[in-house]
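Today I am opening my notebook to look at aromatic rings and their neighbours. Come along and check each entry against the picture.

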Amino acid sequence: MDHEKQRLSIETARLYYLSDYSQQEIASRLGVSRPTVSRLLQYAKEKGYVRINIVDPLEDLDELAEQLKRKYKLDTVHVCYSPVNEYKEIQKHISKRAADYLYEIVQDSDIIGVTWGTTMYSVARQLEQKQVRGVEVVQLKGGVSHSHVNTYAAETVNLFAEAYHTSARYLPLPVIFDNIEVKRMVEEDRHIQRIIELGRQANIAMFTVGTVKEDALLFRLGYFNKEEQQLLQRTGVGDICSRFFDKDGNICSPAINDRTVGIDLPDLRKKEKSILVTGGQRKIEAIEAALVGKYANILVTDQFTAQALLTGT
């Protein structure tokens, strides 16, 4: 009798938990009453034939964040929940978390350095107004583009400035010059020097990471000729503030880097809060290199990206 009850309870549990049959459907299939099915399911749990694990996604996110913090020696990590491993969906959730985090930390007299691109624009659109005094917002890299592709540079810095009741400080130059001599000459302008210096002084920097894939924003903006793009794709894995680096986080083309206008990557290491907001499978290699290079001490990402960074896949 006990052997028959054991067999029947296991079969009932398989139909209910693995095949999603209703208790009434199981009763009809096995030729028993529905209350008997309920008792068999309870018996299966009591005997340990069925083990139910409750997975708390928030608890798992905290653990992922702690593991990332230890692996990359970061000060703070925020891992957001994204329902699907899809770039646009991930971008939506990490942008909201980054905007909320900035609201939490911004204080009077902070200097906030920001970059541009679709992720940063998404962050900017979700910022909440905060009553603070003496805050300054400055572009960390040149924001002028002659391409039809929208960088959202002006819109982004304006929204950041509006959120903290201040005026935006623009860097009204192309991010990459064709000629290093022209770039150096322009940087000698006192106004430009003040903006670049303000970016260096910023105690908070918020930025994302780009890739060297064919559809990368900087490639679509037309800053590079074919040979330069191939060089960056061959030797680099990504960029921060339009400065391209290799898998070890080192600048991969000093010549192109010398033509770039804006904050130097080593300056990001000196920030009180250097916040990298990024996620998505297509960016894993670039994110890994950025963290290896120690350009961020705070990371905002999603659980899929977090798992990939931890497992190396």
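**Entry 1: a ring cluster.** I started with F219, F224 and F244, which ring pairs link into a cluster. This is a predicted model, so I keep in mind that I am reading a prediction.

**Entry 2: how many pairs?** I wanted to know how many aromatic pairs a search of the whole structure finds. The search came back with seven aromatic pairs.

Entry 3: Next I looked up F219 and F224 as a pair. Their ring centres are 5.9 Å apart and the angle between the planes is 80°, an edge-to-face pair. Then I asked myself why F219 counts as buried. Buried means under 20% relative accessible area, and F219 counts as buried because its relative accessibility is 9%. F224, with a relative accessible area of 10%, is buried as well.

**Entry 4: charges over rings.** Which ring does K5 lie over? I found K5 over the face of Y43, at 4.3 Å from the ring centre. I also looked up R125, whose charged end sits over the ring of Y121. Here the distance from the ring centre is 4.9 Å.

**Entry 5: stepping back to the whole chain.** I noted 15 helices and 10 strands in the chain. Of its 313 residues, 50% count as buried. The chain exposes about 15800 Å², and carbon and sulfur atoms supply 47% of that area.

**Entry 6: overall dimensions.** What radius of gyration does the chain have? I wrote down 26 Å, whereas a compact globule of 313 residues would have one near 20 Å. Along its principal axes, the C-alpha trace spans about 95 × 50 × 35 Å.

Conventions:
Residues are numbered from 1 along each chain as its sequence is written. This is a predicted model: local features need pLDDT of at least 70, side-chain atom pairs count only at pLDDT 80 or more; totals for chains, interfaces and linings use all residues. Side-chain values use heavy atoms; hydrogens and water are left out. Rings of Phe, Tyr and Trp (its six-membered ring) pair if their centres lie within 6.5 Å; planes under 30 degrees apart count as stacked, over 60 as edge-to-face and the rest as tilted. Buried means under 20% relative accessible area, exposed over 50%, partly exposed in between (1.4 Å probe, protein chains only). A charge sits over a ring if NZ of Lys or CZ of Arg is within 6 Å of the ring centre and within 35 degrees of the ring normal. Helices (H or I, at least four residues) and strands (E, at least two) are DSSP runs, numbered from the N terminus. The radius of gyration is taken over C-alpha atoms; the globule rule is 2.2 Å times the number of residues to the power 0.38. Accessible areas come from the Shrake-Rupley method with a 1.4 Å probe; for residues, only the protein chains shown count as cover.
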